[in-house]
Amino acid sequence: MEKIEAKEVNFHYGDFHALKNISMEIPRNKVVAFIGPSGCGKSTFLRLFNRMNDLVPGARLSGKILIDGKDIYAPDVQVDELRKDVGMVFQRPNPFPKSIFENVAYGLRVNGIKDKEFIAGKVEEALKGAALWNEVKEKLNASAYALSGGQQQRLCIARAMAVSPSVLLMDEPASALDPISTAKIEELICEMRDKVTIVIVTHNMQQASRVSDKTAFFYMGEMIEYDDTKLIFTNPRKEATQNYITGRFG
Amino acid sequence: MDRPTYPEGYSARKRRAQAAAFAVCRILSLLIVLILFAILGFIVIKGAGVISWDFLTKAPSDGMTSGGIFPAIVGTLLLMLGSAVVAFPVGIMSGIYMNEYASKGWVVKFIRLMTNNLSGVPSIVFGLFGMALFVKYLGFGDSILAGSLTLGLLSLPLVIRTTEEALKDIPAGIREGSLALGATKLQTIWKVVLPMGMPRIITGLILSLGRVSGETAPILFTCAAYFFPQLPTSILDQCMALPYHLYVISTSGTDIEAQQPIAYGTALVLIVIVLIINLLAGLLRKHFEKGLS
């Protein structure tokens, strides 16, 4: 069974048909990149996997999204349980106005974990996993706002990973960062792939080709092509994909 | 296309216009500061003479022509506390509801419209309403309870509005970050949104306290005593209050000439209380902001 399956997904914002009949399968413990021009629906699609679009008024979804074979929009699914298993990293680093430690511990605390030693252990593990530990271990009680943008984003990755999700959604996680920070985030993605299934939305085609196993190209709400990243970037089957990756539009 | 021909001397003209506009703004700002200092100075000069330990700690005596204003100070502080107990929880929770929970439809618009209308109601009307509802209908009589409830109602719109505005400015990304970790909406509000909004909410609360401390009309029919030299022992007692005391000894005292210094002294104490509260508010806000940055 594939980790994530989307079946004939259609999504509307009011009258706007944002996603048109998308079906795809995302294999377990792989990195899948969504590319495409702004407004093509790739972020909207990503946000369906942890039901972040539930918050959008006037949104309508048809079709099915299965994670581990289970329909995540079924009425018996508790959305907070789902999000515990499907973590997310956003475009802009969004640390909480709390200490570095409390940022990482937050996900555990809001899910009822009280054991202080366990939390401390998890925080350390997550910060090490996000290659941030050495930079912050002396100042875990300092405000997360004192970190640089790149560090904040790695903190947000640690925060998401501390809950031990099986899927990590990344919505243009490096687009607000400088090249060095971006490289660090990409390294992290490569290191985390054996622990989680990663779906990453990116504007940066080099990034998609560097980090992902499979790539899906979206255009005007449709998924034009989805294949092994190597093939998409060397030998795309559709002309639109070819045009986009060679920079002729988008 | 031709290059545009820029008018001669325009650049110098627009810089002169800017300099003139800023000069006017600066002068007007200074004028406001000047007026404020004039008022404060006037009160201090007229009132400082009567300020003494006895004035602050003793009850009025000799038909309020001598003695102190201690019961009025205590009364004002009690009314501020009482109105805070009434307005803060209700107002903050309403603000949270309107910004975080209510769907952005006509219900919120209607509540907001009503809140705005409420803040435009003259305070004497609050006084009348408080008398009808709390004093008469609910039978609290002229009391600290009735006065606090009336003042609480008066400050509700301000508390609701500032809470709502404070929460509105918190970026959606922060909320999403919390929800994406499996937090519920309530946890998100309680652990992330409220702490972030706290500095501004507190500013609103303090402003409302400042307003309450100076209101006379709402307590006129609901609480304030002309002369009540002992301290209240229950919330069903009447009490004296600084603004009302000021009003009384300036308009219907036994010997208005002799009472004039006392009136200025009372005004000075009232202003100092408000200043102290604003100062505390600033410190409190700094404290919360420090927790955030």
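Two residues are in contact if their C-beta atoms, placed from the backbone, lie within 7 Å. Keep that cut-off in mind, and remember that this is a predicted model.

**Stop 1: chain A as a whole**

Select chain A. Among its contacts between residues at least 6 apart in sequence, 69% join residues at least 24 apart. Colour by secondary structure next: chain A has ten helices and ten strands. Its C-alpha trace spans about 55 × 45 × 35 Å along the principal axes. What radius of gyration does chain A have? The value is 18 Å, which agrees with the figure near 18 Å for a compact globule with 250 residues. Of the 250 residues in chain A, 45% are buried.

**Stop 2: two helices in chain A**

Two packed helices are described by the angle between their axes and the distance between the axes. Stay in chain A and select α4, residues 116-129, together with α6, residues 149-162. Their axes are 8 Å apart, and the angle is about 130°. The helices α4(A) and α6(A) are therefore oblique to each other. Their crossing is right-handed.

Now show side chains. From α4(A), the contact uses A:Lys122, A:Val123, A:Ala126, A:Leu127 and A:Gly129. From α6(A) come A:Ala158, A:Met161 and A:Ala162. By class, this contact of α4(A) with α6(A) has six nonpolar residues, one polar and one charged.

**Stop 3: where the chains meet**

Bring chain B into view. How many residues of chain A are in contact with chain B? There are 22, and they meet 17 residues of chain B. On the chain A side, pick out α2 (79-85), β6 (86-89) and α3 (100-109). Each of these supplies at least two residues of the side that touches chain B. The most comes from α2(A), with four residues. Colour this side of chain A by class: ten residues are nonpolar, six polar and six charged.

**Stop 4: a helix of chain B under cover**

Select α7 of chain B, residues 172-179. Which residues of α7(B) are buried? They are B:Arg175, B:Gly177, B:Ser178 and B:Leu179. Now look at what covers them. The cover includes α2 of chain A, together with α8 (185-214) of chain B.

**Stop 5: two helices in chain B**

Select α4 of chain B, residues 106-120, and α6 of chain B, residues 144-168. Their axes come within 8 Å and cross at roughly 135°. That angle makes α4(B) oblique to α6(B). The crossing is left-handed.

Show the residues that make the contact. From α4(B), they are B:Thr115, B:Leu118 and B:Ser119. From α6(B), they are B:Leu156, B:Pro157, B:Leu158, B:Ile160 and B:Arg161. By class, five are nonpolar, two polar and one charged.

**Stop 6: a loop in chain B**

Finish at B:Asp62. Find this residue in the loop between β1 (60-61) and β2 (66-67) of chain B. Is B:Asp62 buried or exposed? B:Asp62 counts as exposed because it has 10 C-beta neighbours inside 10 Å, and the cut-off for exposed is 12 or fewer. B:Asp62 and B:Thr254 are 192 residues apart along the chain. Their C-alpha atoms are separated by 9.4 Å.

Conventions: Residues are numbered from 1 along each chain as its sequence is written. Chains are lettered from A and ligands numbered from 1 in the order in which they are written. This is a predicted model: local features need pLDDT of at least 70, side-chain atom pairs count only at pLDDT 80 or more; totals for chains, interfaces and linings use all residues. Ala, Val, Leu, Ile, Met, Phe, Trp, Tyr, Cys and Pro count as nonpolar, Asp, Glu, Lys and Arg as charged, and the others, Gly among them, as polar. Axes are lines fitted to C-alpha atoms, for helices over the stretch in contact, and angles run from 0 to 180 degrees between N-to-C directions. Angles under 35 degrees count as roughly parallel, over 145 as roughly antiparallel, 65 to 115 as roughly perpendicular and the rest as oblique. A crossing is left-handed if the near helix is turned anticlockwise from the far one by less than a right angle, and right-handed if clockwise. A residue is buried if 20 or more other C-beta atoms lie within 10 Å of its own, exposed if 12 or fewer, and partly exposed in between; C-beta atoms are placed from the backbone. The radius of gyration is taken over C-alpha atoms; the globule rule is 2.2 Å times the number of residues to the power 0.38.
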